[in-house]
Amino acid sequence: MEMLETEPTAVKRPVWNAGRTVGAKRALKPKQIWEIRFYLNQRRRLRDRALFDLAIDSKLRGCDLVQVKIGDLVSGGQIRTRAIVMQQKTGRPVQFELLPDARASLLAWLDRRGGTVDDYVFPSRVDRSNHLSTRQYARLVDEWVTGVGLMRSEYGTHSLRRTKASIIYRATGNLRAVQILLGHSKIENTVRYLGIDVEDALALAENTEI
């Protein structure tokens, strides 16, 4: 049967993800964390080193990380060992630890940055009263990972959020603890976020003797 000239023809549209890597971004391995730290130290990127360390320890989403204020991290002129922020996505508070490396790099950055407890830790370079944008944060992460030879398409801001959570899960198998640390309301979200599958569950079971 011939197609009439008046019948609409199908328009072939380009696939939205053509040429892109889709799916969860990879978490960093401990060796890669130290490579990025060395890369930033060598270039004396004080702000970027503090931002990287805070991202790893806090496990915050990018939108929450860039809005952290000095008062969230500092008490009595010292960097807190534990801090708490309110998550934009869930409206729930999440607490996180700050280990010595992160405390040292944050203190060094804040000594240079100055400011008050009401100021953002990482201000925008365009408007100092505003915070670093999530887009700029993503660009920085791209720069860091490519700087140590990693593929930009495989890593992103969520890589930094997932890194410590993945290491903790692999070391302990304690999914509930990771759920709390990530601030997830449902444990199912944590399972999906970490990419846990049957092989992971069986490996944990095989390593547990009773």
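Close-up 1. Leaving aside residues up to four places away in sequence, Q179 touches H184, S185, K186, I187 and T190, where contact means heavy atoms within 4.5 Å. Q179 lies in helix α8; helices (H or I, at least four residues) and strands (E, at least two) are DSSP runs, numbered from the N terminus. With 5% relative accessibility, Q179 counts as buried, a word used for under 20% relative accessible area, while exposed means over 50% and partly exposed is in between (1.4 Å probe, protein chains only). Please keep in mind that this is a predicted model, in which local features need pLDDT of at least 70, side-chain atom pairs count only at pLDDT 80 or more, and totals for chains, interfaces and linings use all residues. Residues are numbered from 1 along each chain as its sequence is written, and side-chain values use heavy atoms, with hydrogens and water left out.

**Close-up 2. Helix α8 meets helix α9.** Two packed helices are described by the angle between their axes and the distance between the axes. Here, α8 (residues 175–182) and α9 (residues 187–194) pack at about 90°, and their axes are 9 Å apart. The axes are lines fitted to C-alpha atoms, for helices over the stretch in contact, and angles run from 0 to 180 degrees between N-to-C directions. α8 and α9 are therefore roughly perpendicular to each other (65 to 115 degrees; under 35 is roughly parallel, over 145 roughly antiparallel and the rest oblique). On the α8 side, L175, R176, V178, Q179 and L182 meet I187, T190, V191, Y193 and L194 of α9.

**Close-up 3. Two aromatic pairs.** The structure holds two aromatic pairs. Rings of Phe, Tyr and Trp (its six-membered ring) pair if their centres lie within 6.5 Å; planes under 30 degrees apart count as stacked, over 60 as edge-to-face and the rest as tilted. F52 and W144 have ring centres 5.8 Å apart and planes at 90°, so this pair is edge-to-face. Because F52 lies in helix α2 (residues 46–58) and W144 in helix α6 (residues 134–147), the pair ties together parts that are 92 residues apart in sequence. F52 is buried at 0% relative accessibility, and W144 is buried at 0%. W109 and F122 form a stacked pair, with 6.4 Å from centre to centre and 10° between the planes. W109 sits in helix α5 (residues 100–113) and F122 in the loop between α5 and α6, so the pair ties together parts that are 13 residues apart in sequence. W109 is buried at 8% relative accessibility, and F122 is buried at 0%.

**Close-up 4. Charges over rings.** R37 lies over the face of W34, 4.7 Å from the ring centre. K69 lies over the face of Y120, at 5.2 Å from the ring centre. To count, NZ of Lys or CZ of Arg must be within 6 Å of the ring centre and within 35 degrees of the ring normal.

Close-up 5. Strand β3 (residues 82–86) pairs with strand β4 (residues 93–97) in the antiparallel sense over five bridges; two strands pair if DSSP finds at least two bridges between them. A83 stands opposite F96 in β4. Six residues separate the two strands of this hairpin, and G91 in the turn has a positive phi of about 70°.

Close-up 6. R44, a residue other than glycine, has a positive phi near 55°. R44 is found in the loop between α1 (30–42) and α2, and is exposed at 74% relative accessibility. K59, also not a glycine, has a positive phi near 60°. K59 is found in the loop between α2 and α3 (62–65), and is buried at 1% relative accessible area.
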